[in-house]
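Reader: I have a model open and would like to learn how to read it. Could you walk me through it?

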Amino acid sequence: MIEPQQGQTQTDNSSLRAVIDIGSNTVRLVIFGGDPRVPTVVLNEKVQAKLGKGLSAGGKLSAKSMAAALKALKRFALVLKGRSIARVHTVATAAVRDAVNGPQFLEQVSALELQPRLLTGEEEALTSALGVAAAFPQARGVVADLGGGSLELVHISGWTCEHGSSLPLGTLRLAGLRAANPRKFRRDTEDLIAATGSRCQTGEALYLVGGSFRALAHYYLHITRSPLDDPHGFEIGAEEIAKLCRSLQRSAPVGPVPGISQARLNSLQDTASLLVPLIAATGAQRLIFSAWGLREGVVIQSLPTHDQQRDPLPLATYSFARMLGVTETWTTLTERWIAEVLPDEPALRNPIVAAITLGLALRTIEPNLRAQTALNWALRKRWIGLDAPGRAILAAAMLASANRSVPEDIRALAQEEAIRSAMACGMAMRLCWRLTGFAPLLLPKTQLSIDGPNLVLRLNPDVKDLLSEAVERDLNQLAAHLGLCPALLESEPA
């Protein structure tokens with residue numbers, strides 16, 4: 001199960017790539033590691049240069065904001081050089097795009113050997129949508145990316161992104177736009193969004209990107225005492241979130257809220273005021289929050305098409321477990337061994353197979369820490385390709401594999417039948433690993449199968465001594481869970 005990885009670490013510079021995002025509010029450096037299809041954040045640093053502040057009045061980037069941005073960029077350039085990171089993507093968006101002195105500012109950035117690329121409004125929208133497509137390969141609907149200077153809208157259908165639009169509705173502008181006439185702001189904003197033609201068809205969703213939208217989702221999860229605290233992949237009905245938005249418009253949010261800065265908390269009223277007309281104009285019935293957007297889209301954009309479209313969840317779990325010395329071979333062997341209880345539906349099977357990989361990694365953790373670690377990995381670690389029910393299935397399978405019960409608030413995130421199926425697979429995983437002691441040569445000499453009303457464990461005669469009280473107890477527990485009778489047979493597995 002566990003093999004040393006030669007010459008590779010989590011921060012091996014040969015696998016690192018970086019994105020510098022020169023935005024309207026912040027200038028940010030993100031260094032990504034891991035598999036580039038599912039990049040994981042190694043370093044995330046930002047400076048609030050506020051390049052977009054005051055643009056609407058003078059049309060220029062202020063000397064103060066440019067100085068702050070360039071100071072941060074000089075630091076970023078040194079860090080990248082010091083870490084020998086060659087794959088660097090530098091992009092500039094709305095503030096630099098709209099400023100009359102934007103070209104002069106980019107010349108100064110180029111002098112730092114960062115090779116900035118100025119994105120058009122449409123390019124910004126489409127790149128952000130590509131990030132969403134990579135996070136949600138089956139996405140259908142409208143992507144709305146709220147930044148400091150603008151709101152980007154684009155229709156998405158799988159990997160097809162089209163009709164990119166950029167509107168002057170960034171977070172730095174919202175307070176001023178609302179102050180004059182809140183009712184007029186709502187009407188004008190709804191008309192502006194509707195004019196782009198960005199609308200959700202039946203069954204489609206509105207995908208929300210940007211720190212302000214994520215803060216709104218995080219606030220909802222906090223006040224509803226959800227077991228989840230990562231808003232990525234969180235889905236909610238339009239009516240439910242609109243109710244929260246109307247409440248926030250009437251009264252400011254009460255803080256502090258763990259995970260939300262005071263500045264984000266203070267701007268939630270502006271975000272809520274934008275989201276109400278955005279839902280109305282797009283006709284969205286459900287909303288999905290995405291932590292992936294422009295920066296991830298830039299990374300994905302640099303990959304060959306066949307790499308872009310690989311399934312993200314197994315890649316993410318393999319990449320993570322590999323750092324703990326777990327090989328993919330044992331996931332495959334275990335998956336085959338528990339095939340009789342493994343469900344066919346992808347929505348169940350995919351997170352359960354991920355749970356096999358993570359369950360193996362869990363065995364590298366001290367036993368007394370496994371239950372809490374399983375919950376942290378399932379509920380709080382950012383898995384790409386996993387929604388809230390999928391997280392619950394992942395947690396149930398991992399907890400069962402560690403012989404732990406599933407808390408009620410976790411069970412409530414998915415259908416009860418899905419939770420029971422995940423628990424059965426977790427119990428089968430535990431039986432497999434306990435029986436064989438993780439010895440791959442023993443697996444082909446054992447077999448788990450369902451034969452009518454019986455759950456049958458078959459062993460070759462030469463390995464009959466693998467049986468123990470603990471193995472029989474695991475078999476009995478799994479059989480009882482499935483409503484079957486346990487049976488032990490000494491014969492050649494089929």
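Predicted model: local features only at pLDDT ≥ 70, side-chain atom pairs only at ≥ 80, totals over all residues.

Reader: What does the radius of gyration say about the chain?

Author: It is taken over C-alpha atoms, and the globule rule is 2.2 Å times the number of residues to the power 0.38. For 494 residues a compact globule would have a value near 23 Å, and the chain has 25 Å, which agrees.

Reader: How many helices and strands are there in the chain?

Author: Both are DSSP runs numbered from the N terminus: helices are H or I with at least four residues, strands E with at least two. Here the chain has 21 helices and 14 strands.

Reader: In what order do the strands of the open sheet stand?

Author: Two strands pair if DSSP finds at least two bridges between them. The open sheet has 6 strands in the order E8-E7-E6-E9-E11-E10, with mixed pairing. Strands E8 (160-167) and E10 (235-237) are at the edges with a single partner strand each, so one side of each lacks a neighbour in the sheet.

Reader: How do E9 and E11 run?

Author: Strand E9 (residues 205-209) and strand E11 (residues 286-290) run parallel, joined by 4 bridges. Leu208 has Phe289 in E11 as its bridge partner.

Key. Residues numbered from 1 in each chain as written. Heavy atoms only, no water.
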